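Work through these exercises with the structure in view. Each task is followed by its solution.

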Amino acid sequence: MSLYKQVSIVILFIFTILFLLITIVSFKIIKDSSEKSLYENVQNSASSISLSITNAGTEISTIKTVINASFDNGNYEKIVFKDMDNVLVYNVQKDTSFNQNKIPLWFIKIIKIGDISSTTTISSGWNVLGTIEIFSDKSIFYNQTYSILKNLIFYVTIGLIILMGILFFFFAYILRPLHEIKKQALAVMENEFILQKKLPFTSEFKSVTLSMNSMIGKIEKMFENTNNVLKVNNQLLYFDEVSKLHNRKYFILKLNEYLDKDNFNNKGYIVIISIKINEINKEYGYLETNKILFSLSKLIKEEYEYGTNLLTRVNGSEFVILVPNIEEEKMRESIEKFIKQLHEKLELSFDNMFIGVLKYEEEQNTRTLLTKMDYTISQAKTFKKDECYFVKEIDSYLTKEEWIKIINISLEKDSFKILYRNVIDINLKEILHKTISFELNLKNNNFSYKGLLPAILAQGKLNDVYLHIIERLLKDEKIKREKITIQLPVTFVADFNNYSKLNELFKKYESQYSKDIIFEIEEESFNKNLNNTTMYIKLFKEYKFAFAVFNFIANTNDYNYLKELKPLYIKTSKYFLLESTQSLNVLKILTESLDIKLIATSVTSFKDIDVLSDIGINALSGPVMENLQMDKK
């Protein structure tokens, strides 16, 4: 309960007590005063009537006349005249029933009073004629006291309401700083850091505000420090100083991630460029060689810096370009165009340069792929007659027209099969959520995600397929009973036409879909399409969906987007988490300060579970996690 409600209840309680005390005490005083006044009046009336009878005469008829006249002109309930033997001689009285519409019965019962009367003796000289008793009219008393009670309640109530209003505004003014303190505290709970610049004048509130500002300032400073450390680490650990491309360490890290069977980029081509660095140094000198290397890296960026391509200088003499999800024909066209650019813009003889190209697939592990890369570039150096040595692998393939037909039919007949990968909390042995993937099941052909994706990209159908899968998630009754996540590729987020289509889907199924769907966005989207990505996240939040980051590898110049957008969790490869203790510690500080959960992916063995658990990572995903869940069952 808020402080304002508590203060209001206390004030209301105090005012209720005051109201009852004022009303009861005041009314008792007024009642006693009225009763006393009635008794004095009736005494005076008795004396007056007695004197009038004595002066008028002692005849019975005269006495009756005086009594009648006095009764008609006074407020009496009754007048009784008795002789010396206490025998009733004459009696006159009013109707004792009261108007219930004016005076409620409960009121009469509460303040009921006895008869108010006065008795006096009537005599003529020494001769006593009898006694006369006069009773005051109690209806007048009830009317007066009831009217007084109503007025008393009305004016006391008005007075207390006015006083309460004054006190309310007074307390509202005094406690106004609490609104800002509450706002500041709620913001901290939402991982938003607001500093109060205007300090309250009340010393206690001022101390609380200064304490809050101090705490928030420390959190802000901690975030900025970790942000800077991660940026510095990123530059020192993952970038080549001369070429400004990523280095071998980064290449190996990303390669482990890309070769995962569930990764979006697990199939494509690799280009290796090897130069005779020693020969070039002798011919041009170190400074000029560095300029040539930088020019080469610039040409590589111009041609291949898009999507999820990896551009790296793996050692002093070799550059590696990894291009996922591309067909052989397009790769050949691209490498021919690139070689042409090298001839035109690079001041380096092709006698000092070797280029090899090979295909990679997710079935290969990192060691096998590196061996293939070494073989490819050695062959390129051996068979120098060609400017590019292309290792050709003959695969079964479909024509463009066949692929278009298959994809269109699959969309029309909904032939996509949803697959699930569990993310498990190893401490609780519970599934945190399920990340979905898909494959294609047709009568004559079945295609896995990795086999299907390049064709989808080549035919420009990636947006249609993902929108189709998202629509299934929104309307599928089975999915509504589970916490589901879907990973949106960089290519999907980069195309802003998907924003309006998603918005239409969310509106269409707003009354049906589960709010437990989480949309995961690749870290690369924040680096290359921050504005688009931010708009998508705002759309998710508008429709009460959560969002998260996947394929996180701390490959950015600034992590303020984490603080501003507050993802539910971050998914990062085990290879990144285990690669650098310093980076891990800094990342844990960063995520814990923002209350963001860390989830490790690519967990392939039970040994990985133990190692990750020892460094405090308890949410895991990977092939071995399916077996862990089965063991629990």
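**Exercise 1. State how helix H14 crosses helix H16, then describe their packing.**

Solution. The model is a predicted one.
- Step 1: the handedness. H14 passes H16 in a right-handed crossing.
- Step 2: the contact by class. Six nonpolar, two polar and three charged residues make up the contact of H14 with H16.
- Step 3: the residues. H14 (residues 462-475) brings Asn463, Leu467, Ile470, Glu471 and Leu474. They meet Asn498, Lys501, Leu502, Leu505, Phe506 and Lys508 in H16.
- Step 4: the geometry. Two packed helices are described by the angle between their axes and the distance between the axes. For H14 and H16 (residues 497-508), the angle is about 20 degrees and the axes lie 10 Å apart.
- Step 5: the orientation. Angles under 35 degrees count as roughly parallel. H14 and H16 are therefore roughly parallel to each other.

**Exercise 2. Find the strand order in the open sheet, and say which strands stand at the edges.**

Solution.
- Step 1: the order. Six strands form the sheet, in the order S5-S7-S8-S6-S9-S10, with mixed pairing.
- Step 2: the edges. S5 (246-247) and S10 (389-390) each have a single partner strand, so one side of each has no neighbour in the sheet.

**Exercise 3. Describe how strand S6 joins strand S8.**

Solution.
- Step 1: the pairing. S6 (residues 267-275) and S8 (residues 318-324) run antiparallel, joined by seven bridges.
- Step 2: a residue pair. Ile272 stands opposite Val320 in S8.
- Step 3: the helix on the sheet. H9 (residues 286-304) packs there, touching S6, S7 (310-313) and S8. The direction of H9 makes about 5 degrees with that of S8.

Notes: Residues are numbered from 1 along each chain as its sequence is written. This is a predicted model: local features need pLDDT of at least 70, side-chain atom pairs count only at pLDDT 80 or more; totals for chains, interfaces and linings use all residues. Side-chain values use heavy atoms; hydrogens and water are left out. Two strands pair if DSSP finds at least two bridges between them. Helices (H or I, at least four residues) and strands (E, at least two) are DSSP runs, numbered from the N terminus. Contact means heavy atoms within 4.5 Å. Axes are lines fitted to C-alpha atoms, for helices over the stretch in contact, and angles run from 0 to 180 degrees between N-to-C directions. Angles under 35 degrees count as roughly parallel, over 145 as roughly antiparallel, 65 to 115 as roughly perpendicular and the rest as oblique. A crossing is left-handed if the near helix is turned anticlockwise from the far one by less than a right angle, and right-handed if clockwise. Ala, Val, Leu, Ile, Met, Phe, Trp, Tyr, Cys and Pro count as nonpolar, Asp, Glu, Lys and Arg as charged, and the others, Gly among them, as polar.
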